[in-house]
Amino acid sequence: MRTDGTTDGQAATRQTYEDTEVARAFLNTALSHHKLAIRPDLPAFAKSLSGKRLIDIGCGPGVHAQQFASLGLEVTAIDYSEAMIQVAKENSAPGNPTFLQLDMREIGNAFAAHSFDGAWIAASLIHVPEADVPAFLSDLHRILTPTGRARISLKQGPQGPQMVYDDKYGKGIERQFIFWQEDNFAAQLREAGFTIDQVETREAGVTGNAPTTWIIFQAQTNPGTTI
């Protein structure tokens, strides 16, 4: 694992995710990991929403999006990778979810204000450079309703970008991850107008050769008690 320039790291990451073999392997790994069962986090988040309109931001091959749809939500799922979206469409019934190829940094242009009751952002904002996060969170706040909720999972570690090389999807790949410290991201959320309901840390999986610690934020757009 090594620190690398953000521009080169972004290009390498996009190239990895545009590989159809990687997208299919990503799906197979996700299905194997979940064993087709819906983990408790999803129905709990679905029940916390005031409506049924959900956006899955950085949906990858669409496993979570399909599971949310099976729970009765109206799901719009986006990813910047054409390969990921194609694989997601191939493995989903038409209609719900709706899969769109879209960079998450363009949600402010793509969707009207108050379009969604909830946003599920699972292990995807970890690829967005720190400099782009404030604008993204501001746009996220705008497209959520006044009672909207967001769940965001990030990799915890020394703040900043790191290039990671591995072969977990059957071939050598490289990706850039942005690691976060809890206080730094909490400040970004509050600056964008969110109230933080809960912060959880948990260990799951590996990044390179090191165990991954995740920071999971649950936040809302309406006023409330902050952490």
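Buried means under 20% relative accessible area, exposed over 50%, and partly exposed in between, with a 1.4 Å probe and protein chains only. At 0% relative accessibility, Trp120 counts as buried. Phe68 is buried too, with a relative accessible area of 0%.

This is a predicted model, in which local features need pLDDT of at least 70 and side-chain atom pairs count only at pLDDT 80 or more, while totals for chains, interfaces and linings use all residues. Residues are numbered from 1 along each chain as its sequence is written, and side-chain values use heavy atoms, with hydrogens and water left out.

**Aromatic pairs**

A pair of aromatic rings is described by the distance of the centres and the angle of the planes. Rings of Phe, Tyr and Trp (its six-membered ring) pair if their centres lie within 6.5 Å; planes under 30 degrees apart count as stacked, over 60 as edge-to-face and the rest as tilted. By this rule the count is seven aromatic pairs.

Take Phe68 and Trp120. Their ring centres are 5.0 Å apart and their planes stand at 70°, so the pair is edge-to-face. Helices (H or I, at least four residues) and strands (E, at least two) are DSSP runs, numbered from the N terminus. Phe68 lies in helix α4 (residues 63–70) and Trp120 in strand β4 (residues 116–122), so the pair ties together parts that are 52 residues apart in sequence.

Phe111 and Phe116 also form an edge-to-face pair, 5.1 Å centre to centre with 80° between the planes. Both Phe111 and Phe116 are buried. Ring pairs also link Phe45, Phe68 and Trp120 into a cluster.

One ring has a charge over it. That label requires NZ of Lys or CZ of Arg within 6 Å of the ring centre and within 35 degrees of the ring normal. Lys155 lies over the face of Phe177, at 4.6 Å from the ring centre.

**Salt bridges**

A salt bridge is a side-chain nitrogen of Lys or Arg within 4 Å of a carboxyl oxygen of Asp or Glu. The whole structure holds eleven salt bridges.

Arg105 is partly exposed, at 28% relative accessible area.

Asp197 is partly exposed, with a relative accessible area of 29%. Arg149 counts as buried, at 15% relative accessibility.

Salt bridges also form a network, which links Arg39, Asp41, Arg151, Glu200 and Arg202.

**Around Val133**

Val133 lies in helix α7 (residues 133–143). Val133 is buried, with a relative accessible area of 0%. Contact means heavy atoms within 4.5 Å. Leaving aside neighbours within four places in sequence, Val133 is in contact with Leu125, Val128, Trp180 and Phe185. Val133 and Phe185 are 52 residues apart along the chain, and their C-alpha atoms are separated by 9.3 Å.
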